[in-house]
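Trainee: I am new to this structure. Could you walk me through how to read it?
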Amino acid sequence: MSRRILLGAAGAAALALICLTGLDASAGGKAAGGKGTGEKGHHHGAFEKCAKACTECLRECESCAHHCAHLVAAGKKEHFKTLGTCIDCSDFCAAAARIVSRHGPMATTICESCAKACDTCGAACEKHMDDQHMTRCAKACRDCARECREMIKHAGHGTAPAPR
């Protein structure tokens with residue numbers, strides 16, 4: 001009996017996702033904050049570039065955190081801070097990539113936070129530019145912060161509902 005309920009719930013969730021995705025496409029981008037078909041391509045492109053940059057930064061930060069953990073274990077305690085910033089930044093990037101990919105109403109909110117996290121992580125990794133992992137991570141962070149800020153410009157401020 002519980003298997004039927006679980007399958008029914010999964011089917012309902014999939015149907016809801018299909019309906020929501022179809023609604024966004026049929027509304028000419030209005031549901032995602034666009035003003036119609038004319039701006040949808042440009043608006044959509046900014047969201048896509050942002051989500052891609054966030055995903056790339058997530059990968060680099062995870063890799064760099066792993067690298068930093070090995071360095072800390074080898075006694076290089078100066079990498080402890082970058083270990084933490086990389087882990088935190090990857091979490092911001094993961095959330096931003098998910099929300100921006102679905103053109104969520106809180107996309108500008110998460111991208112503002114993600115850009116700040118990337119600034120912090122990039123600055124921490126730039127202190128170790130003699131290390132290839134750190135250099136790649138710093139670059140990915142800078143690219144992600146730039147794309148998040150670009151997406152915010154295209155999405156406009158205030159796409160999230162105002163608190164009551």
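Mentor: Gladly. Helices (H or I, at least four residues) and strands (E, at least two) are DSSP runs, numbered from the N terminus. The expected span of a helix is 1.5 Å times one less than its number of residues. This is a predicted model, where local features need pLDDT of at least 70, side-chain atom pairs count only at pLDDT 80 or more, and totals for chains, interfaces and linings use all residues. Residues are numbered from 1 along each chain as its sequence is written, and side-chain values use heavy atoms, leaving out hydrogens and water.

Trainee: How many residues does helix α5 have, and what length does it reach?

Mentor: Helix α5 (residues 132–155) has 24 residues and reaches 34 Å from first C-alpha to last, close to the 34 Å expected at 1.5 Å a residue.

Trainee: Which residues of α5 are buried?

Mentor: Buried means under 20% relative accessible area, with a 1.4 Å probe and protein chains only. In α5, the buried residues include Met134, Cys144 and Met151.

Trainee: Which residues have the most contacts inside the largest nonpolar core?

Mentor: In soluble globular proteins, nonpolar side chains tend to be buried together. A nonpolar core is a set of buried Ala, Val, Leu, Ile, Met, Phe, Trp, Tyr and Cys residues joined through side-chain atoms within 4.5 Å. The largest one here has 39 residues, and Cys144 and Met151 are among those with the most contacts inside it. Its largest share, 11 residues, comes from α5.

Trainee: Is Thr82 buried or exposed?

Mentor: Thr82, in helix α3 (residues 80–101), is buried, with a relative accessible area of 2%.

How values were computed: Buried < 20%, exposed > 50% of the residue type's maximum accessible area, 1.4 Å probe, protein only.
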